[in-house]
Amino acid sequence: MERFFCAGAARDRGDPIIGTAPYGLVWVLIEYRGGWPVNGFDGLDLPPGVKALLFASAQAVRARVLLIRRHGRRRHEGPKRWAVLRYEGSGAHRQQWGTWSRDEDLAEVARALGTPGEPGAPGEPGLPPVVLVCAHGRHDTCCAVRGRPVGRALNERWPDLVWECTHVGGDRFAANIVVAPDGVYYGGLDAGSSVEVVGEHLAGRIHAEHLRGYTDLPPPQQAAVAALLGRFGPAGRHDYTVAGTSRVGTHWLIRIIGHQPRPTAYDVEVRAYRAPPHQLTCHGPAMSSAAVHEATSIRIV
């Protein structure tokens with residue numbers, strides 16, 4: 001029997017990728033150089049008190065906790081790193097970085113979650129975004145098979161920005177990239193396309209192709225913004241602002257203000273439906289029906 005790969009099956013079906021970015025405004029990154037448990041941070045053998053403190057602090061601000069490592073598991077000496085990254089709608093980055101050697105040092109992460117962090121505008125020296133490549137093979141085979149070549153290619157180009165990470169969601173869209181704290185998900189990438197996509201992102205040009213969505217927006221709004229990027233070309237992370245959303249049944253009408261080159265209002269209609277049931281992950285044989293959000297019209301107001 002031929003082995004099943006969820007990402008290959010999704011590409012063969014043409015599964016829509018737009019509107020699939022999960023919500024997230026705060027990311028906790030913990031460098032862990034050993035083997036990653038199947039359930040990531042939850043599976044680490046840490047002192048119960050430290051683990052409970054960090055988990056409660058992350059839950060309080062709805063933070064996503066990811067284990068990270070540099071590509072290739074190359075040997076590193078010295079303390080491991082941790083970070084708390086926060087997205088703000090204004091475009092400011094807030095990042096806090098620290099190191100840990102003993103498990104008890106991770107209590108500092110909980111304290112960092114209770115403070116704002118260092119501000120900085122996108123692209124400001126010293127506060128570049130972090131590029132996370134899902135390569136969590138124990139969680140899903142495709143994350144390793146497709147993610148690690150992408151991690152290698154990006155590491156060769158931007159070694160200081162790129163980390164491999166544990167599960168970010170959407171195994172069938174591997175290879176997946178999250179740019180944080182920008183809060184932008186990309187998927188369906190390979191080594192070549194990932195370098196192009198990340199290069200454009202760092203230059204302030206987000207394209208509709210390979211875009212899963214923005215993590216501060218719900219799926220219908222993600223689909224609406226992506227439709228404008230597809231129609232009018234790449235734009236910066238904050239060049240479009242959602243001004244209003246109304247819903248009638250399975251349809252949304254979303255008002256978006258574009259800020260470049262001059263303010264323009266758009267009404268984007270989005271419909272939602274369920275795709276036929278399929279096996280959506282390599283390790284989960286159960287059939288599931290994914291939600292799809294599709295922009296059906298764009299009108300300049």
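**Salt bridges, cores and a histidine loop**

Visitor: Is Arg271 buried, exposed or partly exposed?
Guide: Arg271 counts as partly exposed, because its relative accessibility is 29% and the buried class ends under 20%. Please note that the model is predicted.

Visitor: Which residue forms a salt bridge with Arg271?
Guide: The partner is Glu294, and the closest N and O atoms of the pair are 2.8 Å apart. Glu294 sits in strand 16 (residues 291-300) and Arg271 in strand 13 (residues 264-274), so the bridge links distant parts of the chain, 23 residues apart. Glu294 is itself partly exposed, with a relative accessible area of 31%.

Visitor: How many salt bridges are there?
Guide: The count comes to 13 salt bridges. One of them joins the side chains of Arg69 and Glu164 at 3.2 Å, N to O. Arg69 belongs to strand 2 (residues 64-69) and Glu164 to strand 7 (residues 162-165), so this pair ties together parts that are 95 residues apart in sequence.

Visitor: Are Arg69 and Glu164 buried or exposed?
Guide: Both Arg69 and Glu164 are buried.

Visitor: And what separates Arg111 and Glu108 in helix 3?
Guide: About one helical turn separates them, because Arg111 and Glu108 are three residues apart in helix 3 (residues 107-113). Their side chains meet in a salt bridge of 2.7 Å, N to O. Glu108 is classed as partly exposed, at 38% relative accessibility.

Visitor: Which residues are linked in a network of salt bridges?
Guide: Arg13, Asp15 and Arg172 are linked in such a network. As a general principle, side chains of opposite charge can pair when their charged atoms come close.

Visitor: Changing topic: where does His259 lie?
Guide: His259 lies in the loop between strand 12 (251-258) and strand 13. At 33% relative accessibility, His259 is partly exposed.

Visitor: What does His259 touch?
Guide: Leaving aside residues up to four places away in sequence, His259 touches His238, Asp239, Tyr240 and Thr241. With Thr241 there is also a side-chain polar contact of 2.8 Å. For a sense of distance, His259 and Val38 are 43 Å apart in space, C-alpha to C-alpha, and 221 residues apart in sequence.

Visitor: How many residues are in the largest nonpolar core?
Guide: That core has 35 residues, and those with the most contacts inside it are Leu154, Ile177, Tyr186 and Val268. Helix 6 (residues 219-232) gives the most to this core, with seven residues.

Visitor: Which residues does Val268 touch?
Guide: Beyond residues up to four places away in sequence, the contacts of Val268 include Ala224, Ala227 and Leu228, as well as Trp252, Ile254 and Ile298. Apart from this core lies another, of 19 residues, among them Ile30, Trp100, Ala112 and Leu113. In soluble globular proteins, nonpolar side chains tend to be buried together.

Visitor: What about the whole chain: how many helices and strands?
Guide: The protein chain has six helices and 16 strands. Buried residues make up 50% of its 301 residues.

Visitor: What is the radius of gyration?
Guide: The protein chain has a radius of gyration of 19 Å, which agrees with the value near 19 Å for a compact globule with 301 residues. The C-alpha atoms fill a box of roughly 55 × 55 × 35 Å along the principal axes.

How values were computed. Residues numbered from 1 in each chain as written. Predicted model: local features only at pLDDT ≥ 70, side-chain atom pairs only at ≥ 80, totals over all residues. Heavy atoms only, no water. Salt bridge = Lys/Arg side-chain N within 4 Å of Asp/Glu carboxyl O. Helix = DSSP H or I, 4+ residues; strand = E, 2+ residues; numbered from the N terminus. Buried < 20%, exposed > 50% of the residue type's maximum accessible area, 1.4 Å probe, protein only. Contact = heavy atoms within 4.5 Å. Polar contact = N/O pair within 3.5 Å; in protein donor to acceptor, adjacent residues only side chain to side chain. Rg over C-alpha atoms; globule rule 2.2 N^0.38 Å. Core = buried A, V, L, I, M, F, W, Y, C linked by side-chain atoms within 4.5 Å.
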